[in-house]
Amino acid sequence: MLQINENYLNLKQNYLFSEVAQRTNKYINEHPDKPIIRLGIGDVTKPLTKKTIEALHDAADHMSKTETFKGYGPEQGYDFLRNAVVDYYKKNNVDIEMKEVFISDGAKSDTGNITDLFGPDNIVLIPDPVYPVYMDTNIMNGRNIRFMDANKENGFTPMPYDGLEADIIYICSPNNPTGAAYTREQLKVWVDFALEHNSLILFDAAYECFIEDDTPHSIFEIEGAKKCAIEFCSLSKTAGFTGTRCGYTIVPLELVFKTSNGSEMSLNSMWTRRQTTKFNGVPYVIQYAAAATLSEEGIKECKENIAYYKENARIIASVFEKKGITYFGGKNSPYIWFECPNGMESWDFFDYMLNEIQVVGTPGAGFGANGNNFFRLTAFGSRENTIEAVNRIDKLLS
Ligand SMILES: *Cc1c(COP(=O)(O)O)cnc(C)c1O
């Protein structure tokens, strides 16, 4: 008789976005005359840039001729794209080798799939609040999860403490949902902790392109990180590839760990084996476009879109600044994470905003218990809607 993976019984239903949609639609049905502004969007809204689109067209043409047609490609990605990623890292003074770069269909898949490489008895450290993928993929594998509190007191950048035990450590910086980012000094403390405890950091850099100051874009800017970290990133937020799908994961060659029989295994070799076994690569057309996107001109175009979102973020943050409401993000991030006024709980605040000013955001409780009194707004709306929403919030909270 079939035995199912009963770890799935331990997954909590994530009601967050369906509940948001349900409450919003109910309101719209009852008040068809009241225009809603949605600032809960966790997806980019601007189209792909010119350089990317041109490359997509060119690559489609390559597929039409016998001489340039491509079938199966290398599972780890085409060299031309892996090299483009190596060059992209050079801009942040990080030297990686092409062999350390793995192209994938996105950071979500890779942050989930990487769990294939680890034994069942690791202690997995996950921040609360959190991007749900880290938690759910480890629950599916029946792993031992411990949470680290991210809260107002630690600026949503929790740090190691005496007696902390962790074999696998998830860090997302700049963070979704909180917008908070670790400083260089803080990341150094995490790297030193990982080196000392022989643990591994899984670093999600999905929002690195929003960084505008000295905050590290990559964990590999920190000395020693190549011995204790894997980094995930993608073109989703950098270049609007959320529907186009292309990511990259850096697995350093230095990541070598002892096995129980005293031999050693390289995570880079294991990930190569995993990907070549279970994955047949990202479409050539997409990889060709991704390489054009990562070119100097391509990135320049992406930066224009990111500047637009960041100006929205600044506008949203300004109203909380003005009101003296505690908030995080708004800088180095498309997210603004603020404390609900008057100790309100996030779902109550959701209803309050919807009913009073018809602005929809995302209740922090949906990302973990520490989000209970927090609320997330995003910078992915239009400028016009962002300004209108901010004016309405300004009036509501006066
Ligand atoms: C959007 C996002 C990603 C990117 O996921 P893709 O699968 O590459 O689209 C990764 N991590 C976090 C935290 C995100 O918010």
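This is a predicted model: local features need pLDDT of at least 70, side-chain atom pairs count only at pLDDT 80 or more; totals for chains, interfaces and linings use all residues.

Residues are numbered from 1 along each chain as its sequence is written, and side-chain values use heavy atoms, with hydrogens and water left out.

So, aspartate 394. You'll find it in helix H12, residues 383-396; helices here are DSSP runs of H or I, at least four residues, numbered from the N terminus. What does aspartate 394 touch, leaving aside residues up to four places away in sequence? Val319, Lys322 and Lys323, with contact meaning heavy atoms within 4.5 Å. With lysine 323 there's a side-chain polar contact of 2.7 Å (a pair of N or O atoms within 3.5 Å, one able to donate a hydrogen and the other to accept it; residues adjacent in sequence count only if both atoms are side-chain atoms).

Now the helices. H10, residues 296-323, packs on H12 at about 5°, axes 10 Å apart; the axes are lines fitted to C-alpha atoms over the stretch in contact, and angles run from 0 to 180 degrees between N-to-C directions. That makes the two roughly parallel, the word for angles under 35 degrees. On the H10 side, the residues meeting H12 include Tyr308, Ile315 and Phe320.

Key
Angles under 35 degrees count as roughly parallel, over 145 as roughly antiparallel, 65 to 115 as roughly perpendicular and the rest as oblique.
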